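Biologist: I have a structure to read. Please walk me through it, feature by feature.

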Amino acid sequence: MKLERLLEQYTYHVPEHLIAQRPARPRDSARLLVYDRRTKKVQFDTFRNLEKYLPPRAVVVFNQTKVLPARLTLTKRTGGKVHVLYTA
């Protein structure tokens with residue numbers, strides 16, 4: 001599969017008002033979307049309850065990555081466009 005087609009699978013619109021502007025307080029009260037693959041149902045919970053959705057012996061990896069509000073769209077000499085997202 002070409003990279004462009006693969007990336008298209010991750011392109012979707014999220015209304016601006018649904019994007020958090022600051023972290024939840026307390027942090028573990030952040031909303032958690034839970035998708036049940038067997039029933040194909042979606043439900044919402046909070047991050048503090050993540051453990052009840054993980055299988056036994058699951059491994060969860062955390063990092064300290066932060067996204068900066070720095071997104072650039074560049075135009076190449078050929079007319080192609082390049083989208084750049086700077087992260088810390």
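**Reading the model**

Modeller: At 19% relative accessibility, Thr46 counts as buried. The cut-off for buried is under 20%. Keep in mind that this is a predicted model.

Biologist: Where is Thr46, and what is Thr46 in contact with, leaving aside its neighbours within four places in sequence?

Modeller: Thr46 has its place in strand S2. Beyond four places in sequence, the contacts of Thr46 are Asp28, Ser29, Ala30 and Leu32.

Biologist: What is the mean pLDDT of the protein?

Modeller: Start with the general idea. The protein has a mean pLDDT of 87. Of its residues, 93% reach 70 or more.

Biologist: Which element has the lowest mean pLDDT, and which the highest?

Modeller: Helix H1 has the lowest, at 76. Strand S2 has the highest, at 96.

Biologist: On to charged pairs. How many salt bridges does the structure hold?

Modeller: The general idea is a distance test: a side-chain nitrogen of Lys or Arg within 4 Å of a carboxyl oxygen of Asp or Glu. This structure holds three such salt bridges.

Biologist: Which side chain meets Arg48 in a salt bridge?

Modeller: That of Asp28, with N to O at 3.2 Å. Arg48 lies in the loop between strand S2 (41-46) and strand S3 (67-75). Asp28 lies in the loop between helix H1 (3-8) and strand S1 (31-36). The two are 20 residues apart in sequence, so the pair ties together separate parts of the chain.

Biologist: Are Arg48 and Asp28 buried, exposed or partly exposed?

Modeller: Arg48 is partly exposed, with a relative accessible area of 45%. Asp28 is also partly exposed, at 33%. Recall that Asp28 is one of the contacts of Thr46 as well.

Biologist: Which residue forms a salt bridge with Asp36?

Modeller: Arg38 does. Their closest N and O atoms are 3.8 Å apart. Asp36 is partly exposed, at 27% relative accessible area. Arg38 is exposed, at 76%.

Biologist: And Lys52? Which side chain does Lys52 meet in a salt bridge?

Modeller: Lys52 meets Asp45, at 3.5 Å from N to O.

Biologist: Is Lys52 buried or exposed? And is Asp45 buried or exposed?

Modeller: Read each residue against the cut-offs: under 20% is buried, over 50% is exposed. Lys52 has 59% relative accessibility, so Lys52 counts as exposed. Asp45 has a relative accessible area of 15%, so Asp45 is buried.

How values were computed: Residues are numbered from 1 along each chain as its sequence is written. This is a predicted model: local features need pLDDT of at least 70, side-chain atom pairs count only at pLDDT 80 or more; totals for chains, interfaces and linings use all residues. Side-chain values use heavy atoms; hydrogens and water are left out. Buried means under 20% relative accessible area, exposed over 50%, partly exposed in between (1.4 Å probe, protein chains only). Contact means heavy atoms within 4.5 Å. pLDDT is the predictor's confidence in each residue, from 0 to 100.
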